[in-house]
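I opened this notebook to record what I looked up in the structure, entry by entry.

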Amino acid sequence: MANKRKIVVAMSGGVDSSVSAAILVEQGYDVHGVSLRMWEGELGPRVCSDHRGAEEVAAHLKIPHTLLDLRQQFADTVVKPFAQDYLHGRTPNPCVACNRDFKFGTLLRWAKEHNAHYVATGHYARLARDDSTQATALLRGADRAKDQSYFLFALSPDQLAHTMFPLGAMQKSAVRDKARALGLPAAERQESQDICFGDYKALVASYAKEDEIRAGEVVDRSGKVLGQHGGVHTVTVGQRKGLGISAPEPLYVVDIDEASKRVVVGKKDDLSCSGLIARSVNWLEVPSDAEMEAEVQIRYRAPAVACVIRPNSDGSCEVRFAEAFPAVTPGQAAVFYRGEKLLGGGWIERALR
């Protein structure tokens, strides 16, 4: 334990990171709270980065607190790519890049510079360390309703080896109870939001060049024009409402053609896909075979479904579902599991039908 006594906790001001810090204090660690000032909208800090609330909790726990102002880096690394993805007809997930580059990137480097070899966060995920191989496996959180391992697939083995998740084995209700028992100022604070940008459509528009937002046609699968949309960044695959069209039965967005700016709609059955192509795959457990059976999760709240994965030499992979699955969305993450263990993940390039 001698080289593990000092630990840096990413403190957002919310109940999860606050209880994480409190648990480590109870366990005897030399805890240093750090907040990352990354995004502030018109209403001030979002729930996921409320450094003022974090400072209040740190004072309650009698631990030092540091604020790192990373707003410009965050805009360049996370916000701009997020906007560009939407402008190109994809539906991105900025939380993955935020975790990889900031909470486990910049923060871990800062921790090492200050003689702390571990960072801790309030994520609901677990780690399993193999002392014989020094490998660290990433597992789902014990509270499956709160499991956040999906957002962590892009972490490197080195990042995982220097990380702790104090809440990984806890249920959310127990976390709230502990916060109340300790009298933490964050005990009753609202949940963090999945995306901290608020009105993302206005955000995307603010980053767009004059020629990047163009209205286009909404067509059915035969090419018949049903209406107009205000820009491909305003729709996503699987969307039913807000399309500005009238039809005798519900129609859903089944495809977005970025080149022509056409949005294709179809019946619910038309959303079914047989698989997907994922790019830029990050493997935490490198496949040993040309083909592997696993489960894939294609959205945060979606179930993991059985599949066969065929990795390619260019870092992409082909994924075939055991049974058809709806609404594969380009730009989202496809994350691979075997039971509780996360194997890796990548970005959905396109659906296979």
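**Entry 1. Basis.** I note at the outset that this is a predicted model.

**Entry 2. The parallel sheet.** I looked up the strand order and found an open sheet of five strands, β5-β2-β1-β6-β9, with parallel pairing. I then asked which strands stand at the edges. They are β5 (65-69) and β9 (163-164); each has a single partner strand, so one side of each lacks a neighbour in the sheet. For the pair formed by β1 (residues 6-10) and β6 (residues 118-120), I found three bridges in the parallel sense. Within this pair, V9 stands opposite A120 of β6. I also checked helix α2 (residues 51-61), which packs on the sheet and touches β2 (30-37) and β5. The direction of α2 makes about 165° with that of β5.

**Entry 3. Helix α3 against α4.** I took up α3 (residues 71-87) and α4 (residues 94-113), whose axes lie 10 Å apart at an angle of about 155°. Because angles over 145 degrees count as roughly antiparallel, I recorded α3 as roughly antiparallel to α4. The crossing of α3 past α4 is right-handed. From α3, the contact draws on Q73, F74, T77, V78 and F82; from α4, it draws on P94, A97, C98, D101 and F102.

**Entry 4. Helix α3 against α7.** I next followed α3 to α7 (residues 200-207) and found that their axes come within 9 Å and cross at roughly 95°. On the α3 side I listed A75, V79, K80, F82, A83, Q84, Y86 and L87. On the α7 side the contact residues are Y200, L203, V204 and Y207. By class, the contact of α3 with α7 comprises 10 nonpolar residues, one polar and one charged. I noted that F82 is listed both in the contact with α4 and in that with α7.

**Entry 5. Strand β19.** I asked how many of the 12 residues of β19 (residues 341-352) are buried. The count is nine, so β19 is largely enclosed by the rest of the structure. I then looked up the strands that pair with β19. Strand β14 (residues 272-283) pairs with β19 in the antiparallel sense over seven bridges, and G275 stands opposite L352 of β19. Strand β18 (residues 333-338) also pairs with β19 in the antiparallel sense, over six bridges. A334 has G346 of β19 as its bridge partner. I examined the hairpin of β18 and β19, in which two residues separate the strands. In its turn, G339 has a positive phi of about 65°.

**Entry 6. Positive phi outside glycine.** I looked for the loop that holds N115 and placed this residue between α4 and β6. N115 is not a glycine, yet its phi is positive, at about 65°. Is N115 buried or exposed? Its relative accessibility is 61%, so I counted N115 as exposed. Q134 lies in the loop between β7 (125-130) and β8 (135-140). Phi of Q134 is near 65°, again a positive value in a residue other than glycine. Q134 is at 61% relative accessibility and therefore counts as exposed.

Terms used
Residues numbered from 1 in each chain as written. Predicted model: local features only at pLDDT ≥ 70, side-chain atom pairs only at ≥ 80, totals over all residues. Heavy atoms only, no water. Axes fitted to C-alpha atoms, helices over the stretch in contact; angles between N-to-C directions. Helix = DSSP H or I, 4+ residues; strand = E, 2+ residues; numbered from the N terminus. Parallel < 35°, antiparallel > 145°, perpendicular 65-115°, else oblique. Left-handed = near helix turned anticlockwise from the far one by under 90°. Contact = heavy atoms within 4.5 Å. Buried < 20%, exposed > 50% of the residue type's maximum accessible area, 1.4 Å probe, protein only. Pairing = 2+ DSSP bridges. Nonpolar A, V, L, I, M, F, W, Y, C, P; charged D, E, K, R; others polar.
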